[in-house]
Structure formats: structure tokens, C-alpha cells
Amino acid sequence: MNEARPTTGYGTLHTLSVPTPQAGLRLDKWLAETLPEISRSRLKVLIEEGHITLDGGVVTEASRKLKGGESCLVSVPDAQPALPEPEAIALQVVYEDDDLIVIDKPAGMVVHPAAGNQSATLVNALLHHCSLSLSGIGGVKRPGIVHRLDKDTSGLLVAAKTDAAHQALAKQFAVHSITRAYRAICWGVPMPRKGEIEGNIGRSPTNRKKMAVVTHGGKPALTRYQVIKTFGSTAALVECRLATGRTHQIRVHMTSIGHPLIGDPLYGRAAGRVKGLPDDLRAQLSDFPRQALHAFLLGFSHPTTGSQLLFESKTPQDFNMLATSLEAL
């Protein structure tokens with residue numbers, strides 16, 4: 001039996017009965033199975049903070065073994081306000097319901113507040129936009145960010161509004177069942193024109209600001225690419241699909257095969273690559289202000305209904321203007 005009801009000023013109270021066959025199970029394991037809408041990490045905190053009782057007695061040990069037949073009360077406090085400040089920033093919303101929101105992020109927007117970027121981030125904007133529909137992630141009223149795009153990468157990103165949706169989406173990312181495809185413009189023309197780039201990605205041993213394909217440590221990473229269009233031998237429009245999701249994955253993998261992205265400030269500097277090109281094109285390629293990378297396709301299973309969702313985003317104006325200029329080659 002699971003009866004959930006709101007309590008004045010305190011959130012929600014779940015009244016549970018421990019079935020006799022569950023005798024011997026750990027409290028935390030039984031609660032995770034009985035209340036799947038609450039994350040395991042959140043349940044752990046609730047137990048440690050004394051919000052769980054068995055037969056009227058407070059239990060603070062997650063490993064407590066059940067006897068069977070007990071009455072269990074789970075008091076879930078109201079979600080606390082998020083630390084980042086909500087900000088009224090315009091968002092391009094592609095899809096939204098009670099569980100999640102899909103955003104087409106512009107280049108230049110940081111996803112999550114961090115040192116040096118405490119405001120004007122996607123999280124600040126989502127806190128304002130979704131203020132009435134966030135039920136709390138881990139006890140805090142905040143959007144559940146399950147994947148990120150680099151500041152200067154544009155395109156599609158999904159965020160969860162509820163703890164249950166956050167868990168379900170995170171699991172899909174963990175097992176790599178999410179569809180994620182990107183358009184990129186790289187220096188040179190990759191050969192073969194279709195293939196896979198595989199190699200562990202970790203912090204660069206020579207530059208801590210960079211990631212790199214490493215021979216020791218790092219995390220396994222796999223990128224599938226296909227050349228869509230060539231611009232002479234100078235550049236190519238490439239579609240990249242992620243089988244994993246590592247920091248700077250496409251940027252690092254394309255660099256590792258000798259074809260970094262145009263405009264990439266870390267991995268793709270134009271020096272030596274623009275010699276012999278017309279002056280105006282050379283200037284445009286040298287001055288392109290961001291990595292030419294756009295997340296144009298995002299697909300996943302809806303965390304509540306199970307239906308398959310697929311979203312597509314048009315490449316932005318700066319990306320298109322770059323491609324048009326390269327057409328002259």
C-alpha cells in the first residue's frame with residue numbers, strides 16, 4: 001500500500017506498509033523499489049535526515065533490515081529554491097510538457113552556472129521559464145541537466161522537470177540509447193569519407209584546458225562521421241553521431257584524425273590552413289568566432305509515456321553563411 005498526500009507546509013507524506021515477504025530486505029532497497037519516482041540519492045538523504053519512520057520510530061540507517069509488516073512513513077519536504085537566480089532570458093522552446101523541456105540553444109550561452117559564468121546561463125533561463133512546473137530534482141527546484149553542449153556549440157538540449165524524468169533520461173544517456181547527431185564544418189576532407197573514430201578521451205597531459213585522445217586512462221569514446229559535402233580540399237561539411245558523450249568529444253576526435261573544426265579556439269586554429277585563399281574568405285575563416293558545430297538531431301524515449309520523440313533543428317545563420325562562403329572553392 002502506498003498512500004501519498006500533501007502535508008501542510010511540509011511537502012508530501014507517503015504512508016506505506018511493508019509486505020511480509022519483504023522481510024530481510026534493506027530499507028533503502030525496498031524504498032527505491034516502492035517509490036521509484038524518488039531517486040536513490042534523494043532517498044539516502046531523506047533517511048539520513050530522519051524523514052523515514054518504521055512503526056513510529058525514526059530510522060537513519062539505510063542498511064536497516066525490514067521485519068515485514070511494519071508501517072512506514074516517508075516525509076518528503078517541499079523542494080528548496082534553487083541557488084542560481086531565475087532570469088528572464090528568451091528561450092527557443094522546441095517541445096515542453098510536465099516532465100521535460102527541449103531547447104534549441106544558441107551559440108554563446110553557457111548551460112550551467114560555474115566560476116566566471118554565474119548568470120545568463122541556460123539554467124538561469126530555465127528556472128524562470130519553468131518556475132511553476134519544476135517539482136524538484138534531488139530536493140531542489142531546478143531543471144535536471146542530463147547532458148550539456150559547450151558554450152559555443154548551438155543546438156538541441158533536453159532538461160528534466162521532475163526527479164523521475166531526470167532518472168529515466170539519465171539512464172538512457174548512460175546506456176547510449178539517445179540519438180544525437182551534429183553538423184560540423186572541419187578543416188580538410190576526412191578520408192575515408194565515412195568511418196568511426198574511437199579512442200579514450202581524457203585531460204590533455206600537456207594542456208589542462210584541453211581534452212585529448214589518451215593512451216592511458218580517460219573514458220571510452222566513439223564518434224561516427226560521414227562527409228556530407230566538400231569545399232575543394234579546404235574544408236568539409238560533416239555529420240557526426242555520438243555513440244558516447246564525452247567532454248569535447250567531436251572536437252577532440254575530429255582533431256585526432258587531422259580535421260579540427262573551423263573556428264575552434266582550442267583545437268582548430270586557422271594558422272597555416274588559409275594560405276592561398278582569397279583575402280575575404282581567408283579573413284572570414286580566420287575570424288569565425290566559434291567552433292562550427294551544431295547539434296541538429298536529438299531523439300529519446302519519453303520518460304513517462306515511453307513514446308519515441310525525435311527533434312530536428314535547422315543550422316543557424318552564422319553556420320550557413322560560413323558554408324555559403326566556402327561554396328566558392
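This is a predicted model: local features need pLDDT of at least 70, side-chain atom pairs count only at pLDDT 80 or more; totals for chains, interfaces and linings use all residues.

Trainee: How many residues of strand β18 are buried?

Mentor: Strand β18 covers residues 293-301. A residue counts as buried when its relative accessible area is under 20%. By that cut-off the strand is mostly covered, and the number of buried residues is nine of nine.

Trainee: Which residue in the turn between β18 and β19 has a positive phi?

Mentor: These two strands form a hairpin, with six residues between them. Within the turn, a positive phi of about 80° is found at Gly306.

Trainee: What is the volume of the largest cavity?

Mentor: A search of the whole structure finds one cavity of 30 Å³ or more. Its lining includes Arg180, Ala181 and Tyr182, as well as Ala295, Leu297 and Leu298. Strands β12 and β18 each supply at least two residues of that lining, and by class the lining has seven nonpolar, one polar and one charged residues. The volume of the largest cavity is about 40 Å³.

Trainee: How far from Cys186 is the nearest cysteine sulfur?

Mentor: A search of the whole structure finds zero disulfides. A disulfide requires two cysteine sulfur atoms within 2.5 Å. Cys186 is in no disulfide, and the nearest cysteine sulfur, that of Cys240, lies at a distance of 7.8 Å.

Trainee: Why is Cys186 classed as buried?

Mentor: The cut-off for a buried residue is a relative accessible area under 20%. Cys72 is buried by this criterion, with a value of 0%. Cys186 is likewise classed as buried because its relative accessible area is 0%.

Trainee: What separates the C-alpha atoms of Gln167 and Ser39?

Mentor: Gln167 lies in helix α4, residues 163-174. Leaving aside residues up to four places away in sequence, Gln167 touches Pro36, Glu37, Ile38, Ser39 and Arg40. Although Gln167 and Ser39 are 128 residues apart along the chain, the separation of their C-alpha atoms is 6.8 Å.

Key
Residues are numbered from 1 along each chain as its sequence is written. Side-chain values use heavy atoms; hydrogens and water are left out. Helices (H or I, at least four residues) and strands (E, at least two) are DSSP runs, numbered from the N terminus. Contact means heavy atoms within 4.5 Å. Buried means under 20% relative accessible area, exposed over 50%, partly exposed in between (1.4 Å probe, protein chains only). Two strands pair if DSSP finds at least two bridges between them. On a 1 Å grid over the protein atoms alone, a cavity is a set of points where a 1.4 Å probe fits but cannot get out, and a pocket is an open set with protein on both sides within 12 Å along at least five of seven lines; lining residues have an atom within 4 Å of a point. Grid points are joined across faces, edges and corners, and a volume is the space filled by probe spheres set on the points. Ala, Val, Leu, Ile, Met, Phe, Trp, Tyr, Cys and Pro count as nonpolar, Asp, Glu, Lys and Arg as charged, and the others, Gly among them, as polar.
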